[in-house]
Amino acid sequence: MGGNAWRVLRPLLSRLGQAGLVALLVGCIGFALMHALPGDQAFRLAAERYGPDIVDARAAAAMRAELGLDRPLALQLLEWLGRVVRLDLGRSLVTGEPVIQELRVQLGYTALLAGMALPLSALIGLPLGIAAGLWRGRWPDHAVLSLAVLLRAVPAYALGLALMVLLSVRLRWLPPGGFEGWAELVLPSLTLALGLAAVSSRVARESVAAVAASPVLAFARWKGLSERDAVRRHGLRNAAIPVLAVLGLQLIGLVEGILIVETLFGWPGIGHALVHAIFARDVPLVQGTALIMGLGVVLLNAAVDLACLLIDPRRGRQAA
Amino acid sequence: MRRRRLPALAAACLAPALRPVAAQAATGTGAGAVDERVLRIVAPIEIGGLDPARSGFIFTRMGVVETLLAADAEGRPVPALAERWSVDAAGLEWRFTLRPGLRFHDGSAVTPGAAVASLRRALADATALARAPVATLDVAGRDVVIRLARPFSILPAVLANYGSGILAPASYDAAGHVQAVIGTGPYRVLSITAPMRLEVERFDLWWGPRPEISRAIYLVAGQGEARAAMAESGQADLVFGLHPATMARLRRNPALEVRAVAIPRSRILKLNLASPFFDSLAERQALDLAIDRQGIATALLRNPSLAATQLLPPMTGDWHLADLPPAERDLPRARALLASAGWTPGPDGILRDRQGRRFRVVLTTYSTWPELPAIATALQAQFREIGVDVDVSIGNTSDIPRLHRDVTLELGLMSRNYALVPDPLGTILTDFAPQGSDWGAMHWTDPQLAAALARLEGATAPEERRALTQRASAILHEQRPVIPIAWSELAVAIGRRVGHVAIDPFETSYRLQDMRWREP
């Protein structure tokens, strides 16, 4: 029993160590990148805070003095690290609100979007991929491949716009923007889900095709299981492992999609905030956002590891 | 339009965001709303903070925050929180008498002391008021008394700027940060989800006539295409900031009215007059003559009447010179002027001066206004025809002030708002000050303009003001310290649900309180 607990605990502990390292690296790299960008931070911040029409050198100078932007960079970074240790992400340089408070709101919206997009992508991508894998080389396989290539090749921005024109402007089924109810959630999450489904359907197809041709399934049939039971009991479980691992990877890819989709649909999530914070050179907000995203990736990887372990007990035995 | 609130999961995610809002809503004066229709406004500009100095314009436009004075459609000062005002003979002591019985949205009384406290904060921040020569701010009975260091005739216009908005003392926390926007306007804040959404409801203790629209939402959509789609799908009653390319399509939509209102904003070319390329008037005139303004206005802005023959558009009244002939493109004259300034074409067609220096400059612009990069490349092609080689550098809004400060700017294409203060003098005074300005002249002074502007600051007689204003505009036109390219319009899509919509060219207010539903 103790061995079993260790089997689950060990990867979690190693992930925890990784999380600490990620936090440190992401914070430092974010800080360095923000200061490597061309342009003057005080001017950018002042333009964002007061609006472009009123920003001038005087406002920028006041901003520099107020925020101590001319202090040595190393000191500013050390201060940030010191605060992070105390779980304080500082205040946004533009709005003056605590970063943690802004992130809490934005993270809620992004979680909602991702939480809708991911199951939706699984709902679209997996059945299509499984069908393509079971009928490999036949017409469903070709049709799913063409669709996947098309959806993957179209940038999220263009896909979102096309869905907006079709479903909102022409058919009037869904609102094209806003964030007040479930209806507003559909278009952005569908845009994300279609891009994700394009990849997950391919992985599911390959995985199912490999399992379908494997001795495991052949043995299942040979011992007398019906085709349906063979696929259900032995096929799906074996095929699920690579699919799950890829779903985990996709969550990371989701971040990229979220930046674009949130901006296009005006969804007030973490991706939208990150884009604006970068333009505004709002360093604490960029660092905080990157930190949360980095930790999120580690957390998801841990969850995927754990799920793979539960589906495939052989892995744990090998490790032990 | 029926909307369902996000159920439990969303509520749990968003609870921290919504809590302060709920608290704020609970303290207000509930209107007992019967009319469930909500007016929806979609615009590109995000809510960047609660302080009037920051995104104050959103709160004044939505009728949440008011100023002592406001501006009418011509930019003239009109009473707002102050019912009347007066100035002493020396033009130094101004008195603004507050309306009786004014209430803030939290129910507290609006006192001259509270108004003075808000104005003091504005003085200390990057606002229009901070640029006025204010010496002291005091309270006398029901009056706010502002004493100036020198006469400043446009003080009423400066007080109509959003940065001079009046908030309740309870708006500020102990450190002086605005924690809630408690204003005095016809609408009070119901919820804010910064930076994307603001919801307001009618404030029943407002001093003016009771508005018909009881609730309204300000929603941000940064992408022009998304805004157009929101208008087309009936998701929004008013959509501001339409791109020229989508206007024609929206105009064909029978469910929408598209209105374009001329506004005091100009796209201009800022020149570094200390550079050897632009130090002579002949060079600046040559550039001016090489520009195909009609082409730019027609092809890129889809409205030929926006071609800017002078700095300020006709709607700015005395600032516009009515008798000026239209600006014609004249390449032979432009070449002759450049030759007279010592520039002759080299073997590659690019001009060279007597020292053999090529006429090659960098034009800096930014993409906040999506038309600017396109105009920049049009100018690049047009200047090439007179042998001027232009590199276009597209960055962000802060590049032009920064390069002005570094003295490394050569040419800057920008969109300048002359209505930050509803009298263009407020902006002209800083933009063309003798020492130059980030968004105006660079290494250019003109003693006659300086004298005219100095007199305008103190002048009050209408005839004198008119003569001085026209004189100042004429000097700016003759000397071309900046070269005007195109004027601007504010394009709005209006849904059929709503009537009595008046678009304020000075963008101080959406005038929600005057709007009506078309069907009761």
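1. Let's start with the order of elements in chain A of this predicted model. Read along the sequence, chain A runs α-α-α-α-α-α-α-α-α-α-α-α-α.

2. Next, the overall dimensions of chain A. Along the principal axes, its C-alpha atoms occupy a box of roughly 80 × 60 × 30 Å. Chain A has 320 residues, and 42% of them count as buried. Now take the contacts in chain A with a separation of 6 or more: residues 24 or more positions apart account for 72% of these.

3. Which parts of chain B touch chain A? Helix 1 (8–27), helix 2 (52–61), strand 10 (215–220), helix 5 (224–232) and helix 11 (399–406) of chain B each give at least two residues to that side. Altogether, 43 residues of chain B are in contact with 44 residues of chain A. On the chain B side, the residues divide into 19 nonpolar, 14 polar and 10 charged.

4. Now for the domains of chain B. The domain assignment lists domain 1 (2–239 + 496–517) and domain 2 (263–487); notice that domain 1 is written as two segments. The C-alpha centres of domain 1 and domain 2 of chain B are 34 Å apart. Their contact takes 19 residues from domain 1 of chain B and 17 residues from domain 2 of chain B. The domain 1 side of this contact has 10 nonpolar, 6 polar and 3 charged residues.

5. There is also a database label to keep in mind. An unreviewed UniProt entry carries the annotation "domain: Solute-binding protein family" for residues 77–414 of chain B.

6. Leaving aside residues up to four places away in sequence, B:Met315 touches B:Ala262, B:Pro264 and B:Pro505. B:Met315 and B:Glu74 are 241 residues apart in sequence, while their C-alpha atoms are 7.9 Å apart in space.

7. Why does B:Met315 count as partly exposed? B:Met315 has 19 C-beta neighbours inside 10 Å, so it counts as partly exposed; a buried residue would need 20 or more.

Conventions: Residues are numbered from 1 along each chain as its sequence is written. Chains are lettered from A and ligands numbered from 1 in the order in which they are written. This is a predicted model: local features need pLDDT of at least 70, side-chain atom pairs count only at pLDDT 80 or more; totals for chains, interfaces and linings use all residues. Two residues are in contact if their C-beta atoms, placed from the backbone, lie within 7 Å. Helices (H or I, at least four residues) and strands (E, at least two) are DSSP runs, numbered from the N terminus. Ala, Val, Leu, Ile, Met, Phe, Trp, Tyr, Cys and Pro count as nonpolar, Asp, Glu, Lys and Arg as charged, and the others, Gly among them, as polar. UniProt positions are given in the numbering used here, feature names are shortened, and annotations may be inferred rather than shown by experiment. A residue is buried if 20 or more other C-beta atoms lie within 10 Å of its own, exposed if 12 or fewer, and partly exposed in between; C-beta atoms are placed from the backbone. Domain bounds come from an automatic or database domain assignment.
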